[in-house]
Amino acid sequence: MSVAASPALPLGDHLCENGFECVEILPSTNDAHGGVIVDLKDPMDPEIFASLLKSSLLQWKKQRKDGVWIKLPIELVNLVEIAIKEGFWYHHAEPNYVMLVYWIPKTGCTIPPNASHRVRIAAIVLNDKKEMLVVKEKRGKFHGIGVWKPPTGVVDAGEEIFEAAIREVKEETGIDTEFLEVLGFRQEHNIFFGKSDLTFLCMLHPLSFDIKRQELEIEAAQWMPFEEYAAQPFNQKHESFKYTIELCIAKMERVYTGLCPRPVSSFFSKDLSYVYLNTKDLDKSS
């Protein structure tokens, strides 16, 4: 559920009832779901904030508002405790702000929870010699166990899956690639501070071949014969890695079609997004 906003009361305005009583409240905007968003940027005295917050909550209750979002930049962290004492709770935090929320009605809260998943990619890069681009990591759960694995990484905010795959391969190995398909994906729970992971297994075609490994995170990188990669004992013991091998074999034998990104427009946004689909079979049917 999004929290798109529309103007409510600009800073400095007062809410007047029946043309007589004027009540000063926090500057806010209406969201698309019957709530309000307070996005504070300027310094505010804690006592003034406490007074405005109390009067604002009273007015929003009279207006039958639902959720209240308060975005506090890191410079206003001294106001957090005041909001918590009024019944607000943490929703999420970013490097430069914390978001607090409050639910006014006595009915069940419908404020959407914080993001539940982290999106990751694993990049399968095979050259014409049926060699696979693999790395050994300097840190993380694969460090020190002698396993050669595909380049992997986290998709950045606002980054497309195919963009992340190309970027991660370049960062870890120096190899330029062309994105081909998403072969599949895996969901795992309680991976990163209680959050879930969605890992997209991507296939890419190499456009360069001279490896320049990333010194910070990568211990070694090489082009390894696919049969040698597949024969690693670790891959044979772990079912998800066995599936990766089977998918690669199916692709090399041309009996499997993955999902390709296709740009799409939206009524709700001027920016393009991407849908991943089996374009081969779709084009045949159209």
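Is I191 buried, partly exposed or exposed? In this predicted model, I191 is partly exposed, because its relative accessible area of 37% lies between the limits of 20% and 50%.

**View 1. A nonpolar surface patch that includes I191.** I191 belongs to strand β12, which covers residues 177-192. Together with F192 and F193, I191 forms a nonpolar patch on the surface. The accessible area of these three residues together is about 350 Å².

**View 2. The hairpin of β12 and β13.** Strand β13 (residues 195-206) pairs with β12 in the antiparallel sense, over 11 bridges. Within this pairing, V182 has C202 of β13 as its bridge partner. The hairpin has 2 residues between the strands, and F193 adopts a positive phi near 50°.

**View 3. An open sheet of 4 strands.** The strand order is β11-β9-β13-β12, and the pairing is mixed. β11 (152-154) and β12 each have a single partner strand and stand at the edges, so one side of each lacks a neighbour in the sheet. On average, neighbouring strands of this sheet are turned by 25° against each other, direction ignored. Strand β9 (residues 117-125) runs parallel to β13, and 9 bridges join the two. A122 stands opposite L201 of β13.

**View 4. Helix α3 and the residue after it.** Helix α3 comprises 13 residues, 161-173. G174 follows α3 and has a positive phi, near 80°.

Terms used: Residues numbered from 1 in each chain as written. Predicted model: local features only at pLDDT ≥ 70, side-chain atom pairs only at ≥ 80, totals over all residues. Heavy atoms only, no water. Patch = residues over 30% accessible without salt bridge, like charges linked within 9 Å, V, L, I, M, F, W, Y side chains within 5 Å. Areas by Shrake-Rupley, 256 points an atom, 1.4 Å probe, with all protein chains shown as cover. Salt bridge = Lys/Arg side-chain N within 4 Å of Asp/Glu carboxyl O. Buried < 20%, exposed > 50% of the residue type's maximum accessible area, 1.4 Å probe, protein only. Expected span 1.5 Å × (residues − 1). Pairing = 2+ DSSP bridges. Axes fitted to C-alpha atoms, helices over the stretch in contact; angles between N-to-C directions.
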